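This report is meant to be read beside the sequence and the three-dimensional picture.

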Amino acid sequence: MSYTDAEYMELGKEISETNWKNMAYHKTDIPLVGTLARLIYAEMNSDPVGQACVAQELHNRMRNWVFGNKAGISYLEEEYQNWYGIVFEPEQYSPMLNPHPNETGPLFPAKNWDTKTPSQKAGWINAVDLATVLVNNETLFIGEPFDDVTAAVNMHDQMRHRYFGSEITEIEASIRELGQVLAPDNRLHSCFEYYNSQGVLKRRWDPVIVGKDVFFNDNDSVGNRINEIATPIAPPNVGDVPNNTGIPLQNASDLVEFLKSRVGCGYVLGTYGQICTQELLEKRAADDPENGASYYLGNCARWIGKLVTDCSGLIEWFLLKQGVTNCDSYSGGMYKQWCTERSTDMSIMVHQPGVVVFKRNSNGVYHMGIYVGRDRVIEAKGAMHGVVVSQFSADPAWNAWGYFDWLIYDIDDSDVTQLPIISDALTYGPLPGYPDMTFR
């Protein structure tokens with residue numbers, strides 16, 4: 001259901017910290033929906049995905065509570081026993097006992113309602129709506145009566161969450177390192193590992209990171225709705241991700257503009273902006289006997305007289321133009337060494353100009369391109385294509401992505417105009433308004 005502004009304000013009215021911490025004795029001051037909404041809002045006041053994660057956590061605690069036969073609490077009326085029981089259960093992480101003393105906390109989320117911005121109001125409205133679903137959704141508790149089999153099935157698949165604080169960097173590194181692993185349900189799942197307080201190594205499945213909280217499954221993720229919600233990796237701000245590449249910081253807007261100016265160039269493996277000549281092709285054939293003369297003197301000969309590059313050479317070419325000399329790498333090296341923030345989960349990719357996309361197989365990364373906005377990728381695609389503009393969503397072979405540590409993401413998808421698709425640089429390049437890269 002949805003509420004009126006007056007009802008949202010009433011559910012978020014100001015209460016004292018003393019009453020909040022002793023909710024068992026002041027439960028009539030706030031409806032149950034208001035209490036759960038305040039918990040959701042206090043954890044993730046402005047992040048709808050984070051709020052959904054907190055609501056899912058409350059959902060799972062309730063299911064555990066019911067299956068564990070812990071419903072009876074003598075000093076609470078029956079309608080509050082389950083929900084207040086899970087809120088006050090020992091060692092449960094929540095802001096119940098340590099509320100934030102400001103408008104992002106649970107004490108007065110609707111304070112100054114009339115002067116709040118639309119986005120500020122939306123945070124509280126979303127929290128109330130999620131809490132309403134929790135209170136009224138009878139399907140939270142699957143299987144009745146709760147026989148041993150049903151309880152075992154439902155207890156087996158529960159999303160947990162933990163605040164990792166200063167350990168969050170190690171958790172993120174573990175997720176990247178382990179990648180997709182065969183889980184107990186015999187399917188591939190992402191996971192991470194950490195040592196608990198007893199020094200025991202734990203493996204957790206399907207992590208969703210929200211701030212320094214990590215939501216995860218103990219065993220598998222069969223039927224768990226939280227996995228329908230993906231948390232994108234936010235673009236790093238300058239200083240958020242260490243730039244240990246030795247490359248000075250560059251702007252994504254400059255990189256995208258450079259790439260647009262190179263559409264129409266040719267492709268020769270192992271090049272990064274040279275003019276294609278017979279001599280260059282002969283040298284490449286001699287240096288690379290695996291591909292040999294048939295490739296360089298055959299396929300690549302169509303680019304004689306044009307500036308040429310390969311996929312990673314396109315990035316090296318940009319950096320050389322910026323005066324950077326220590327930038328020799330390859331697509332796999334750029335993925336592993338230049339993208340601290342990276343993922344093989346394409347469903348959480350942030351569509352922002354400058355994001356690097358990769359193609360990988362069992363041997364590793366073998367190709368790369370740059371997402372330039374509005375469903376377009378600029379890539380040095382191969383000897384039969386050159387530097388082209390491709391439709392990103394039309395190519396399912398893009399199966400990894402990341403942020404360059406040395407790139408400042410200063411533009412958004414909405415800032416750019418959609419480029420025309422150019423599938424063959426020799427026939428259709430360059431882009432309108434940009435110079436032809438032919439030097440005959």
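The term pLDDT stands for the predictor's confidence in each residue, on a scale from 0 to 100. The protein chain averages a pLDDT of 79, and 78% of the residues score at least 70. Over residues 138-157 the pLDDT is below 50, and this stretch has 31 contacts in the model beyond near neighbours in sequence, where a contact means heavy atoms within 4.5 Å. Residues 220-232 also have a pLDDT below 50, with 40 contacts in the model beyond near neighbours in sequence.

This is a predicted model, in which local features need a pLDDT of at least 70 and side-chain atom pairs count only at pLDDT 80 or more, while totals for chains, interfaces and linings use all residues. Residues are numbered from 1 along each chain as its sequence is written, and side-chain values use heavy atoms, with hydrogens and water left out.

**Aromatic rings**

A pair of aromatic rings is described by the distance of the centres and the angle of the planes. Rings of Phe, Tyr and Trp (its six-membered ring) pair if their centres lie within 6.5 Å, and planes under 30 degrees apart count as stacked, over 60 as edge-to-face and the rest as tilted. A search of the whole structure finds 17 aromatic pairs. One of them joins Phe 258 and Trp 317, which are edge-to-face because their ring centres are 5.7 Å apart and their planes stand at 85°. This pair links distant parts of the chain, since Phe 258 belongs to helix α9 (residues 252-262) and Trp 317 to helix α12 (residues 311-321), 59 residues apart. Here helices (H or I, at least four residues) and strands (E, at least two) are DSSP runs, numbered from the N terminus.

Buried means under 20% relative accessible area, exposed over 50%, and partly exposed in between, with a 1.4 Å probe and protein chains only. Phe 258 is buried, with a relative accessible area of 8%, and Trp 317 is buried as well, at 5%. Another edge-to-face pair is that of Trp 338 and Trp 406, with centres 6.0 Å apart and planes at 85°. Trp 338 lies in the loop between α13 (331-337) and β10 (342-343) and Trp 406 in the loop between β15 (400-402) and β16 (407-408), so the pair ties together parts that are 68 residues apart in sequence. Both Trp 338 and Trp 406 are buried. Ring pairs link Phe 258, Trp 317, Phe 318, Trp 338, Phe 404 and Trp 406 into a cluster.

Charges are also placed over rings, which requires NZ of Lys or CZ of Arg within 6 Å of the ring centre and within 35 degrees of the ring normal.

| Charged residue | Ring | Distance from ring centre |
|---|---|---|
| Lys 111 | Phe 108 | 4.8 Å |
| Arg 342 | Tyr 335 | 5.2 Å |

**Strands**

Two strands pair if DSSP finds at least two bridges between them. An open sheet of 3 strands has the order β7-β9-β8, with mixed pairing; its edge strands, β7 (266-267) and β8 (272-275), each pair on one side only. β8 runs antiparallel to strand β9 (residues 307-309) over 3 bridges, and the bridge partner of Ile 275 in β9 is Leu 307. Helix α12 packs on this sheet and touches β7, β8 and β9.

Elsewhere, strand β2 (residues 180-182) is joined by 3 bridges to strand β3 (residues 188-195), and the two run antiparallel; Leu 182 stands opposite Leu 188 in β3. β3 is in turn joined by 5 bridges to strand β4 (residues 201-210), again antiparallel, with Arg 204 in β4 as the bridge partner of Phe 192. The hairpin of β3 and β4 has 5 residues between the strands, and Gly 199 there takes a positive phi near 80°.

Helix α9 is mostly covered, with 8 of its 11 residues buried, among them Leu 255, Phe 258 and Leu 259. The buried residues of α9 pack against several elements, including α12, β12 (364-373) and β13 (376-380). Just after α9, Gly 264 takes a positive phi of about 105°.

Ala 55 lies in helix α4 (residues 48-67) and counts as buried at 7% relative accessibility. Not counting residues up to four places away in sequence, Ala 55 touches Ile 40, Leu 130 and Leu 134.

Technical notes. Axes fitted to C-alpha atoms, helices over the stretch in contact; angles between N-to-C directions.
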